[in-house]
Amino acid sequence: MTTEEHVELSRFTTLGTGGPARAFARPESASEVEKLLQWARDGGLSVATVGLGSNLLVADDGVDALVLKLAGELASVASDGEVVRAGGGAANAVVLHHVRNAGLGGFEFACAIPGTIGGGVWMNGGAYGGDFAGVLERALVATADGSGWLTPSELGLSYRHSSLQHGQVVLAAELRLRLRDPAEIRREVRDLNARRKAAQPTNRRTFGSVFKNPDHELTAGRMLEACGLKGHRIGGAQISPKHANFIENADGASTGDAIALMAEARRRAFEQFGVELRHEVEFLGDLELPPVG
Ligand SMILES: Cc1cc2nc3c(=O)[nH]c(=O)nc-3n(C[C@H](O)[C@H](O)[C@H](O)COP(=O)(O)OP(=O)(O)OC[C@H]3O[C@@H](n4cnc5c(N)ncnc54)[C@H](O)[C@@H]3O)c2cc1C
């Protein structure tokens, strides 16, 4: 399987920022992924996988790694009784469509999460009281040494977190759902989408929640709103005027603009509330936030 060089990753992030990957490939099967992982190991190159880039900030000067985007059978979905098997590269929306038609409920929460199954496992994505940990039976994870199934506890799933590391690729996941009338599923998804639309900037380029909710009576969004940050802009990036825990690409933003805005938000939250916000968005490449204390 061949790799491409210097593919611009801004094409693969919902914010639309970020530089090139040193090497890039779209494997379509588990054996192709394993060969690529071995190739990278032999060349001393690290490996990262991108899903739909909906929770990803990629460094403007690019990523010195082999970046994988799963395709083909690694993006397919099938069900057998109440168990659904989906490729790591399958979009949540595609899986939700499949399970609704199969009369399987429990995955409705994912209508709010515009990512893939692999990204959902990595992040333990969740919304409206549901999360991947609640439906995941096991995930097939590849490394350069081979592939194996891991349970949710072996994956270390907790609030927007797993213990997966770059170099581990989620090839597939098995979800255990339950029988539910498709009309009820459709109704619930419609209601959740309407709630989402009312509260968040769904028609802007963002990467979802910027910060995890802190252990505090205020959510990260309410805290940043209280700091007067709604609409605050640096370069082409701005804090959403609708929801302060979102950063929008208002006009030609760079990742550097988003990082500067995050640094400012953390500084202000620390000054006003003594809280050190932790980022939910994943970083790819040489990126870090300055300390606030
Ligand atoms: C408008 C909007 C609303 C959102 N709302 C929510 C929400 O309500 N709840 C929520 O939890 N999230 C939300 N998000 C964030 C995001 O959609 C989720 O975190 C999602 O699970 C990320 O999936 P992805 O495929 O886009 O992953 P990416 O953003 O591409 O990657 C995220 C991380 O997962 C890793 N990764 C991706 N695929 C694989 C794989 N196959 N194997 C190994 N590693 C992999 C990447 O390397 C990276 O570290 C929202 C985002 C947007 C833009």
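**Close-up views of a predicted model**

**View 1. Tyr128, in the loop between strands E9 and E10.** Tyr128 sits in the loop that runs between E9 and strand E10 (130-131). The model shown in this and every other view is predicted. Although Tyr128 is not a glycine, its phi is positive, at about 50°. With a relative accessible area of 31%, Tyr128 is partly exposed.

**View 2. Arg160, in the loop between helix H5 and strand E13.** The loop that holds Arg160 lies between helix H5 (152-155) and E13. Arg160 also has a positive phi of about 50° and is not a glycine. Its relative accessible area is 16%, so Arg160 counts as buried. The backbone oxygen of Arg160 is reached by the side chain of Lys212, at 3.2 Å.

**View 3. Lys212, a buried lysine with no salt bridge.** Lys212 belongs to the loop between helix H6 (182-199) and helix H7 (220-226). Lys212 is buried but has no salt bridge. The nearest side chain of opposite charge is that of Glu282, 6.5 Å away. A salt bridge would need a side-chain nitrogen within 4 Å of a carboxyl oxygen. The side chain of Lys212 does reach a backbone atom, the oxygen of Arg160, at 3.2 Å. Neighbours within four places in sequence aside, the contacts of Lys212 include Tyr159, Arg160 and His161, together with Ala220. Leu277, Arg278, His279 and Glu280 are also in contact with Lys212.

View 4. The ligand is surrounded by 32 residues. The closest of them are Thr49, Gly51, Ser54, Thr116 and Gly126. For Gly51, a backbone N or O atom is 2.7 Å from a ligand oxygen. For Gly53, a polar backbone atom is 2.8 Å from an oxygen atom of the ligand. For Thr116, a polar side-chain atom lies 2.6 Å from an oxygen atom of the ligand. On its own the ligand has 970 Å² of accessible area, and the protein covers 95% of this. Two or more residues of the shell come from each of strand E3 (46-50), helix H3 (117-123), strand E9 (126-127) and strand E13 (169-176). Helix H3 contributes the most to the shell, with five residues.

**View 5. Leu45, in the loop between helix H1 and strand E3.** Leu45 is placed in the loop between helix H1 (30-42) and E3. E3 is one of the elements that give two or more residues to the shell around the ligand. Leu45 counts as buried, at 13% relative accessibility. Neighbours within four places in sequence aside, Leu45 is in contact with Arg22, Ala23, Trp39 and Ala40, as well as with Asp64, Ala65 and Leu66. From C-alpha to C-alpha, Leu45 and Gly167 are 9.7 Å apart, while 122 residues separate them in sequence.

View 6. Side chains of opposite charge can pair when their charged atoms come close. Arg268 and Glu264 form a salt bridge, with 3.1 Å between the closest N and O atoms. Both residues lie in helix H8 (residues 255-273), four residues apart, which is about one turn of the helix. Arg268 is partly exposed at 22% relative accessibility, whereas Glu264 is buried at 18%. Glu271 and Arg267 form another salt bridge, whose closest N and O atoms are 2.7 Å apart. This pair is likewise four residues apart in helix H8, about one helical turn. Glu271 is exposed, with a relative accessible area of 58%, and Arg267 is partly exposed, with 36%.

View 7. Glu276 forms a salt bridge with Arg266, and the closest N and O atoms are 3.8 Å apart. Arg266 is in helix H8 and Glu276 is in the loop between H8 and strand E18 (282-284), so the pair ties together parts ten residues apart in sequence. Glu276 is partly exposed, at 47% relative accessibility, whereas Arg266 is buried, with a relative accessible area of 9%.

**View 8. A network of salt bridges.** Salt bridges link Glu108, Arg180, Glu184 and Glu188 in a network. In the whole structure, a search finds 15 salt bridges.

How values were computed:
Residues numbered from 1 in each chain as written. Predicted model: local features only at pLDDT ≥ 70, side-chain atom pairs only at ≥ 80, totals over all residues. Heavy atoms only, no water. Buried < 20%, exposed > 50% of the residue type's maximum accessible area, 1.4 Å probe, protein only. Lys, Arg positive; Asp, Glu negative; His and termini not counted. Polar contact = N/O pair within 3.5 Å; in protein donor to acceptor, adjacent residues only side chain to side chain. Contact = heavy atoms within 4.5 Å. Near = heavy atom within 4 Å. Areas by Shrake-Rupley, 256 points an atom, 1.4 Å probe, with all protein chains shown as cover.
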